[in-house]
Amino acid sequence: MKLVPLGDRVVLKQFEAEETTKSGIILTGSAQEKPQEAEVVAVGPGGTVDGKEVIMQVKVGDKVIYSRYAGNEVKIDGEEYIIVKQNDILAVVEND
């Protein structure tokens with residue numbers, strides 16, 4: 001199954017939560033904080049959204065940081081995804 005976002009929506013695949021802290025403490029599932037970093041897996045077409053022209057600035061494969069409480073979580077074929085509006089994406093992470 002494939003997710004195809006509409007309008008200015010973007011589908012993100014979250015990176016796995018850290019299981020240990022930097023000091024070596026092992027975290028239980030409930031203590032693990034979900035990362036705000038994800039990979040873009042699908043991008044909507046943009047266009048006119050709520051009367052404003054939206055140009056999509058992210059592309060599939062981009063590594064991004066998004067707002068903590070943004071979007072809707074969905075589970076498809078055993079995989080978890082987050083669907084957010086483009087303006088909920090705070091930054092694109094680029095490697096030097």
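Modeller: Let's go for aspartate 62, which you'll find in the loop that links β4 (52-54) to β5. Bear in mind that this is a predicted model. Aspartate 62 has a relative accessible area of 10%, so it counts as buried, the cut-off being under 20%. Its side chain has a polar atom 3.0 Å from the backbone nitrogen of lysine 59. Leaving aside residues up to four places away in sequence, aspartate 62 touches Ala38, Glu39, Val40 and Val92.

Now for the strands around it. Glutamate 39 has lysine 63, in β5, as its bridge partner. The strands β2 (residues 37-43) and β5 (residues 63-66) run antiparallel and are joined by three bridges. Zooming out, both belong to an open, antiparallel sheet of six strands, ordered β6-β7-β1-β2-β5-β8. At the edges are β6 (72-76) and β8 (89-93), each of which pairs on one side only. On average, neighbouring strands in this sheet are turned by 40° against each other, direction ignored.

While you're here, have a look at another loop, the one between β7 (79-85) and β8, where glutamine 86 lies. Glutamine 86 is buried too, because its relative accessible area is 13% and the limit is under 20%. With residues up to four places away in sequence again left out, glutamine 86 touches Asp8 and Val10, along with Val54, Ile55, Met56, Gln57 and Val58.

Note on methods:
Residues are numbered from 1 along each chain as its sequence is written. This is a predicted model: local features need pLDDT of at least 70, side-chain atom pairs count only at pLDDT 80 or more; totals for chains, interfaces and linings use all residues. Side-chain values use heavy atoms; hydrogens and water are left out. Two strands pair if DSSP finds at least two bridges between them. Helices (H or I, at least four residues) and strands (E, at least two) are DSSP runs, numbered from the N terminus. Axes are lines fitted to C-alpha atoms, for helices over the stretch in contact, and angles run from 0 to 180 degrees between N-to-C directions. Buried means under 20% relative accessible area, exposed over 50%, partly exposed in between (1.4 Å probe, protein chains only). A polar contact is a pair of N or O atoms within 3.5 Å; within protein, one must be able to donate a hydrogen and the other to accept it, and residues adjacent in sequence count only if both atoms are side-chain atoms. Contact means heavy atoms within 4.5 Å.
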